[in-house]
Structure formats: structure tokens, C-alpha cells
Amino acid sequence: MSRAIRDYWSSRYPECEPIPYLLRDTYRSRWVRFHSLPQSKRYAENEAEYQTILDRHNQVLRSLAQPNESLTFTSTGYSETQTAVRDPQLDDLDPSAEHWHTIAKHEIDNDPEYPNFWHSFASTYRWTPQVFDSLLRLVADDVVANTMILSTSGHWIYHPYDGGADVILDTTAQRDKLKDEFSSWLSSRSDGL
């Protein structure tokens, strides 16, 4: 699978390394952000708010994914060397992940004095509502970061973060349709953040 996801990424997203927060600028015309709590609140304080976060993620994913579609979940590990390191928080929740890419992040940041490497891991899931809930809850609490859910057949990227999700669609028209569908979850800021 690691070679397949590497080949897919280089063919569909050649202008950007698989660094989730860079995608929104690289593919701005196809990007939209949704907030996961009302009034753009960042973190849940009770179970009802956690349920709202998960419901919103699942509603957007349900709109994007086909039933039982094969989706790729990617996660990121960090180290000061090229040796692939994975976030231990994901070992039990995502045990089938395989390393597929290492990025010399210090080269992207133009900071050679502080070498750091990002290691991308990927696993496959069949889409059903709530299949990602345990992982999304870790993201909502900022326990893990820089994760993505990819559809290689639908050509979209879902990047959950603590506070919401960025979505990269295949076309601007698809992006606009999704924005209209979930317009009440958009940012009130002019830059969409």
C-alpha cells in the first residue's frame, strides 16, 4: 500500500508535500474549512460538545464518501533523524499503518540548524459512519495532529484538526457545493480560517 499511496499523492498533489496545513494554500481554489463547534469554539468541554464535533465530522464525511468506500487514513510522526517514528498514541487505534513517506521538514522551513523530519504513515479503512471517531477525538483534543483521510477514487482530502477540518476537493464546483451544504459551519472570517 505504501507505494500505491506515494504514487497517488505524486500524481494528484504534485505541488505539495503531504503536510496537511500547507494544502489549503497550495490548493486554495478547492479548499474549504468547517468548524466543529458552534461560534467557532475550539475545544470541547463536555460530552455533548464532543458529540457535536463527531457528528459534524461524520456528516461532512458522509457527504464526501461512498458507502463502504476504501479510504486512506494518514498520520504523522516526528523525529530529528530520517528513521521513521510513529506517534505512540496511534499504535492501538491504527495498528495496520505503514510508513510511506519521510519529509525533511527543515528544508521546507529553510531552517538547516534544526533538522526535523516528518514521517507519514497510511492505513486503509472501509467507510462507515463513526469508523474514525476514536481517531477524530484524539485530533479534537490535540493529542495527535497532521492527520488526513484521503479518497483515491473521489479525489478529496479531509484534514481534521483541533477545531474543525480542512477539505480539498477535486474541483472548485465540488468545493462550492460542499460549502453550501454546510454553510453554517464556515468561519465568519474573510480568509475562511
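Close-up 1. The model is predicted; local features need pLDDT of at least 70, side-chain atom pairs count only at pLDDT 80 or more, and totals for chains, interfaces and linings use all residues. Residues are numbered from 1 along each chain as its sequence is written, and side-chain values use heavy atoms, with hydrogens and water left out. Helices (H or I, at least four residues) and strands (E, at least two) are DSSP runs, numbered from the N terminus. Strands S2 and S4 pair in the antiparallel sense over 10 bridges. Two strands count as paired if DSSP finds at least two bridges between them. S4 also pairs with S3, again in the antiparallel sense, over 6 bridges. There, Ala104 stands opposite Phe117 in S4. Of the 10 residues of S4, 8 are buried, so the strand is largely enclosed by the rest of the structure. Buried means under 20% relative accessible area, exposed over 50%, and partly exposed in between (1.4 Å probe, protein chains only).

**Close-up 2. Seven strands form an open sheet in the order S1-S7-S6-S5-S2-S4-S3.** The pairing is antiparallel. Strands of a sheet pair through backbone hydrogen bonds, either parallel or antiparallel. S1 and S3 (98–104) are the edge strands, and each pairs on one side only. From one strand to the next, the twist averages 25°. Axes are lines fitted to C-alpha atoms, for helices over the stretch in contact, and angles run from 0 to 180 degrees between N-to-C directions. S5 (residues 148–151) and S6 (residues 156–161) are antiparallel partners over 3 bridges. Ser151 has Trp156 in S6 as its bridge partner.

**Close-up 3. Helices H1 and H6 lie across strands of the sheet.** H1 (residues 2–12) lies across S2 (70–79), S3, S4 (117–126), S5 and S6. H1 runs at about 45° to S3. H6 (residues 172–181) lies across S1 and S7, at about 15° to S1.

Close-up 4. S1 pairs with S7 in the antiparallel sense over 5 bridges. The bridge partner of Trp31 is Ile168 in S7.

**Close-up 5. The structure holds 1 cavity of 30 Å³ or more.** On a 1 Å grid over the protein atoms alone, a cavity is a set of points where a 1.4 Å probe fits but cannot get out; lining residues have an atom within 4 Å of a point. Grid points are joined across faces, edges and corners, and a volume is the space filled by probe spheres set on the points. The largest cavity holds about 40 Å³ of space. Its lining comprises Phe34, His35, Ser36, Arg56, His57, Val60, Tyr158, Gly164, Ala165 and Trp185. S1 (31–35), H3 (47–64) and S7 (164–168) each give two or more residues to this lining. The largest share, 3 residues, comes from H3. By class, the lining has 5 nonpolar, 4 polar and 1 charged residues. Here Ala, Val, Leu, Ile, Met, Phe, Trp, Tyr, Cys and Pro count as nonpolar, Asp, Glu, Lys and Arg as charged, and the others, Gly among them, as polar.

**Close-up 6. Helix H5 (residues 133–140) has 6 of its 8 residues buried, so it is largely enclosed by the rest of the structure.** The buried residues are Asp133, Leu135, Leu136, Leu138, Val139 and Ala140. Their cover includes H3, S2, S4 and S6. Asp142 follows H5 and has a positive phi, near 60°.

**Close-up 7. Arg62 lies in helix H3.** Arg62 is partly exposed, with a relative accessible area of 41%. Leaving aside neighbours within four places in sequence, Arg62 is in contact with Trp127, Pro129 and Gln130. Contact means heavy atoms within 4.5 Å. Arg62 and Gln130 are 68 residues apart in sequence and 9.8 Å apart in space, C-alpha to C-alpha.

**Close-up 8. Ser40 and Asn68 have positive phi values.** Ser40 lies in the loop between S1 and H3. Its phi is near 60°. Ser40 is partly exposed, at 38% relative accessible area. Asn68 sits in the loop between H3 and S2. Its phi is about 65°, although Asn68 is not a glycine. At 48% relative accessibility, Asn68 also counts as partly exposed.

Conventions:
1 Å grid on protein atoms, 1.4 Å probe; cavity = no way out; pocket = protein on both sides within 12 Å on 5 of 7 lines; lining within 4 Å.
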